[in-house]
Amino acid sequence: MPTSDTRAALYPGSFDLLTFGHLDLIRRGCRLFDRLIVGVANNSRKSPWFSAEERVELIRKCTEEFGNVEAVVLEGLTVEFAATAGARFIVRGLRAVSDFEFEFQLAIMNHQLNSSVETIFLAPAPEYTFLSSSMVKEVWRLGGDVSSFIPAPILATLEAKRSCGELPLD
Ligand code: ADP
């Protein structure tokens, strides 16, 4: 049961699909905070391969060993969602210089919207700095082996979707 002393953080993102890079950040985040809430954005401007509910279920399955990670669909403004969920921190990942400008803008905007919610940036282990969901999708779509980039439940769901003709999408 969360108390006022509980340090909670929200890790928002698309997570379409969850990679070992995301999982590395979740592992780091759940050591820093009492509760880590993974917020799955239902971004209608993108064409996701997995529904938000599927992503939530898969994240739960891939993070159950940690014990203090929750996964939920994120609705509305991220800062408001964090505040309502009792999270005073937002966790975001920084891979390389390419992430910096967007992440910096987002952090400043979120600060303007609600200055009581602080953004914390985490870097992944070096072997994951190149890893992105979109690159994994492209490699998988072209028949490459992606098993060293994504957790087994994600790969199994991809294969199941392919065999019922749902994937690949363009
Ligand atoms: P979004 O669409 O919000 O960028 P993503 O699912 O692509 O959602 O990423 C969520 C967060 O995780 C972002 O802060 C992103 O920079 C970070 N992230 C994604 N992949 C990695 C990785 N390999 N290493 C570290 N951070 C990552």
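Met-109 is partly exposed, because its relative accessible area is 48%; buried means under 20%, exposed over 50%, partly exposed in between, with a 1.4 Å probe and protein chains only. This is a predicted model: local features need pLDDT of at least 70, side-chain atom pairs count only at pLDDT 80 or more, and totals for chains, interfaces and linings use all residues. Residues are numbered from 1 along each chain as its sequence is written, and side-chain values use heavy atoms, leaving out hydrogens and water.

Where is Met-109? In helix α4, residues 97–113. Helices here are DSSP runs (H or I, at least four residues), strands likewise (E, at least two), numbered from the N terminus.

Now the rings. The structure holds six aromatic pairs. Rings of Phe, Tyr and Trp (its six-membered ring) pair if their centres lie within 6.5 Å; planes under 30 degrees apart are stacked, over 60 edge-to-face, the rest tilted. Take Tyr-11 and Phe-15: centres 5.0 Å apart, planes at 80°, so edge-to-face. Tyr-11 is buried at 5% relative accessible area. Phe-15 is buried too, at 3%.

Next, Phe-130 and Phe-149. That pair is also edge-to-face, 6.0 Å centre to centre, with 80° between the planes. It links distant parts of the chain, 19 residues apart. Phe-130 sits in the loop between β5 (118–122) and α5 (133–141). Phe-149 sits in the loop between α5 and α6 (152–163). Phe-130 is partly exposed at 45%, and Phe-149 is partly exposed at 21%.
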